[in-house]
Amino acid sequence: MAAPTPQQCWEAFCAGVAGVLNRWQAFRMAIDNGFGGVNSFEKEQQLLSGLLSYFAAGKEVYPDSLAKNLESFCFDTLHTEVDDGSIPEIAQTMFAMYVQCKAGDLSTAQKYINAPKASGQAMNATEEDDDNDEGVLTDIPAGSSETDVGVGADPQLLLQRQSAQGPVPQPDVDDDGFTTVQRKR
């Protein structure tokens, strides 16, 4: 089989990032339950766009700075403090996937593209977590895909929506640090 082209690697990485966001339980809970307000799903697209821009900028990417950006986004935009230890794991997963895709290895990206979406519903207090892990990324059943399970948003669909909407406009910040608020269109 021929090595993937750089375009194929980038597309797989983009879909893989969307897949990682779909599998991140704390993030899914914040989005699905509207912690970021009525436009939480738009904020999901904003994060995806920002992450892809971060990796596409051509600068050196570090997992710890990526984790800080994810933590800041969750706290400032979704009004959610994620203290389950998942942010560094998510950052490391995205970083490793980026390095692998850049080298032409799409296996990790494919694993997250084909994985079912994590449930954003709050757990019932009577349920117990038998494997006692942090529960940050739900397990991916071998050989499963979203169509097998029938849940979750397709990462490719998320990318299509993001590209159709165009880039998320950056806020206009003046010299004093104030952001200009614009009316909805």
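Let's start with confidence: the protein chain averages a pLDDT of 76, and 66% of the residues score at least 70. pLDDT is the predictor's confidence in each residue, on a scale from 0 to 100. This is a predicted model, so local features need pLDDT of at least 70, side-chain atom pairs count only at pLDDT 80 or more, and totals for chains, interfaces and linings use all residues. Residues are numbered from 1 along each chain as its sequence is written, and side-chain values use heavy atoms, with hydrogens and water left out.

One stretch needs caution. Over residues 122-153, pLDDT stays under 50. The model has 47 contacts beyond four places in sequence for that stretch. A contact here means heavy atoms within 4.5 Å.

Now the overall layout. The chain has eight helices and two strands. Along the sequence, the pattern reads α-α-α-α-α-α-α-α-β-β. These are DSSP runs, numbered from the N terminus: helices are H or I with at least four residues, strands are E with at least two. Of the chain's contacts with a separation of 6 or more, 76% join residues 24 or more positions apart.

Next, the surface. The protein chain exposes about 11400 Å², and carbon and sulfur atoms supply 51% of that. Those areas come from the Shrake-Rupley method with a 1.4 Å probe; for residues, only the protein chains shown count as cover. Buried residues make up 37% of the 185 in the chain. Buried means under 20% relative accessible area, exposed means over 50%, and partly exposed is in between, with a 1.4 Å probe and protein chains only.

On to the core. Which residues have the most contacts inside the largest nonpolar core? They are Trp-24, Leu-70 and Met-94, in a core of 36 residues. Helix 1, helix 2 (25-32), helix 3, helix 4 (63-76), helix 5 (86-102) and helix 6 each supply at least two residues of this core. Helix 1 gives the most, with eight. By nonpolar core I mean a set of buried Ala, Val, Leu, Ile, Met, Phe, Trp, Tyr and Cys residues joined through side-chain atoms within 4.5 Å.

Take helix 1 by itself. Helix 1 covers residues 6-23, 18 residues in total. From first C-alpha to last it reaches 25 Å, close to the 26 Å expected at 1.5 Å a residue. That expected span is 1.5 Å times one less than the number of residues. Of the 18 residues, 13 are buried, so helix 1 is largely enclosed by the rest of the structure.

Val-17 sits in helix 1. Its relative accessible area is 0%, so Val-17 is buried. Beyond four places in sequence, Val-17 is in contact with Leu-48, Leu-51, Leu-52, Met-94 and Met-97. Val-17 and Ala-109 are 92 residues apart in sequence, yet 7.6 Å apart C-alpha to C-alpha.

Helix 3 comes next. Helix 3 spans residues 40-56, 17 residues, and reaches 24 Å, close to the 24 Å expected. Its buried residues include Leu-47, Leu-48, Leu-51, Leu-52 and Phe-55. Ser-40, Lys-43 and Glu-44 are also among them. After helix 3 comes Gly-58, with a positive phi near 85°.

Where is His-79? His-79 is in the loop between helix 4 and helix 5. His-79 has a positive phi of about 55° although it is not a glycine. For background, most residues other than glycine have a negative phi. His-79 is exposed, with a relative accessible area of 56%.

Last, a polar pair. Thr-108 is in helix 6, residues 107-113. Gln-100 is in helix 5. A polar contact of 2.3 Å joins their side chains. Polar contact means a pair of N or O atoms within 3.5 Å; within protein, one must be able to donate a hydrogen and the other to accept it, and residues adjacent in sequence count only if both atoms are side-chain atoms.

Gln-100 counts as partly exposed, at 26%. Leaving out neighbours within four places, Thr-108 is in contact with Met-97 and Gln-100, while Gln-100 is in contact with Asp-105 and Thr-108. Gln-100 and Phe-13 are 87 residues apart along the chain, with C-alpha atoms separated by 9.0 Å.
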